[in-house]
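Biologist: I have a model open and want to learn how to read it. Please take me through the features step by step.

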Amino acid sequence: MRLKPVNDKIVVKPNENKEEKTSGGIILPDTVQDGKLLEGKVIAASEGMYSAQGTMIPLVVSEGDTILYNKHAQVHEHGEFLIMSVNEILSIVRDK
């Protein structure tokens, strides 16, 4: 990968969206799934961000983590990848 995020940014590969269906078999478009969270895998992460005092604040995620983010998150598309701030992450998906 040629992308190396800086500051508090990460590169995410979104998981394929699965079509939602009603019990009657009607496929719901993503426009009616406003509250639905999206899932993706962190492909690259920066080392962190420097505070005003000059200390490094590490990120809470690392490469390989699966994350959840809002459909309306502030993201920048780069091909099949998204570049976003760690502040856009709502949760890290962990196995028990």
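Biologist: Let me start with the second largest pocket. Which residues lie nearest its centre?

Modeller: Of the 15 lining residues, Pro-14, Leu-38, Tyr-69, Glu-77 and Leu-82 lie nearest the centre of the second largest pocket. The general idea is this: rolling a probe the size of a water molecule over the atoms shows where empty space is left. A pocket is an open set of points on a 1 Å grid over the protein atoms alone, where a 1.4 Å probe fits, with protein on both sides within 12 Å along at least five of seven lines. Lining residues have an atom within 4 Å of a point.

Biologist: Which elements give two or more residues to that lining?

Modeller: They are β4, β7 (66-70), β8 (75-78) and β9. Strands here are DSSP runs of E, at least two residues long, numbered from the N terminus.

Biologist: What volume does the second largest pocket have, and how do its lining residues divide?

Modeller: The volume is about 190 Å³. A volume is the space filled by probe spheres set on the grid points, which are joined across faces, edges and corners. The lining has 7 nonpolar, 4 polar and 4 charged residues. Here Ala, Val, Leu, Ile, Met, Phe, Trp, Tyr, Cys and Pro count as nonpolar, Asp, Glu, Lys and Arg as charged, and the others, Gly among them, as polar.

Biologist: What kind of model is this, and how are residues numbered?

Modeller: This is a predicted model: local features need pLDDT of at least 70, side-chain atom pairs count only at pLDDT 80 or more, and totals for chains, interfaces and linings use all residues. Residues are numbered from 1 along each chain as its sequence is written, and side-chain values use heavy atoms, with hydrogens and water left out.

Biologist: How many helices and strands are there?

Modeller: The protein has 0 helices and 10 strands. Among contacts (heavy atoms within 4.5 Å) between residues at least 6 apart in sequence, 66% join residues at least 24 apart.

Biologist: How do I read strand pairing? Which strands does β1 join?

Modeller: Two strands pair if DSSP finds at least two bridges between them. β1 (residues 9-14) runs antiparallel to β9 (residues 81-85), with 4 bridges. β1 is also antiparallel to β4 (residues 37-45), through 5 bridges.

Biologist: What links β8 to β9?

Modeller: They are joined by 4 bridges and run antiparallel. His-78 has Phe-81 as its bridge partner. The two strands form a hairpin with 2 residues between them, and Gly-79 in the turn has a positive phi of about 65°.

Biologist: Is β9 largely enclosed or open, and why?

Modeller: Buried means under 20% relative accessible area, exposed over 50%, and partly exposed in between (1.4 Å probe, protein chains only). In β9, 4 of the 5 residues are buried, so the strand is largely enclosed by the rest of the structure. Across the 96 residues of the protein, 27% count as buried.

Biologist: Which residues have the most contacts inside the largest nonpolar core?

Modeller: A nonpolar core is a set of buried Ala, Val, Leu, Ile, Met, Phe, Trp, Tyr and Cys residues joined through side-chain atoms within 4.5 Å. The largest has 13 residues, and Ile-10, Val-61, Ile-67, Tyr-69 and Met-84 have the most contacts inside it. β1, β4, β7 and β9 each supply at least two residues of this core. Beyond four places in sequence, Ile-10 touches residues including Leu-59, Val-61, Ile-67 and Ile-89.

Biologist: Now the segment before β1. Is Pro-5 buried or exposed?

Modeller: Pro-5 is buried, with a relative accessible area of 8%. This proline sits in the segment before β1. Pro-5 and Ala-45 are 40 residues apart in sequence, yet 6.0 Å apart in space, C-alpha to C-alpha. Asn-7 is in that segment before β1 too. Asn-7 has a positive phi of about 55° although it is not a glycine, and is partly exposed at 44%.

Biologist: Where is Glu-88?

Modeller: Glu-88 is in the loop between β9 and β10 (89-93). Its relative accessible area is 22%, so Glu-88 is partly exposed. Beyond four places in sequence, Glu-88 is in contact with Tyr-69, Asn-70, Ala-73 and Gln-74.
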